[in-house]
Amino acid sequence: MGREKTIYECIQNERKRKISFMQRKDEIMKKISTFLKLCKVETYLIVQSIIERYETQKNNETHPMIFDGEEFFEIKKIMNEA
């Protein structure tokens, strides 16, 4: 028989969350290193804590700008002229 479905939730305790993040990151780094040695390929790994990114966006009072293509090029033109 199969296993029970695992429910993943955000770890509320900040200390435990950071410890878990570091441990999982180290495990992934080890697997990437093994993959590199066995297959002789270039590997890249980008790890970013979503929680840290969310908290910095939450603390920032400005919201991201949303605009269409024409406005984008107008803003870039103004920036280049300055």
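Accessible areas here come from the Shrake-Rupley method with a 1.4 Å probe, and for residues only the protein chains shown count as cover. On that basis, the protein exposes about 8900 Å², with carbon and sulfur atoms supplying 56% of it.

What you're looking at is a predicted model, where local features need pLDDT of at least 70, side-chain atom pairs count only at pLDDT 80 or more, and totals for chains, interfaces and linings use all residues. Residues are numbered from 1 along each chain as its sequence is written, and side-chain values use heavy atoms, leaving out hydrogens and water.

The fold is quick to describe: 3 helices and 0 strands, running α-α-α from the N terminus on. Helices (H or I, at least four residues) and strands (E, at least two) are DSSP runs, numbered from the N terminus. Of the 82 residues, 4% count as buried (under 20% relative accessible area; exposed is over 50%, partly exposed in between, with a 1.4 Å probe and protein chains only).

Now for the loop between helix 1 (14-39) and helix 2 (50-59), where Tyr44 has its place. Lys40 is found in the loop between helix 1 and helix 2 too.

| Residue | Relative accessibility | Class |
|---|---|---|
| Lys40 | 74% | exposed |
| Tyr44 | 68% | exposed |

Most residues other than glycine have a negative phi.

As for Tyr44, its C-alpha atom is separated by 9.9 Å from that of Met29, 15 residues apart along the chain. Tyr44 counts as exposed because its relative accessibility is 68%.
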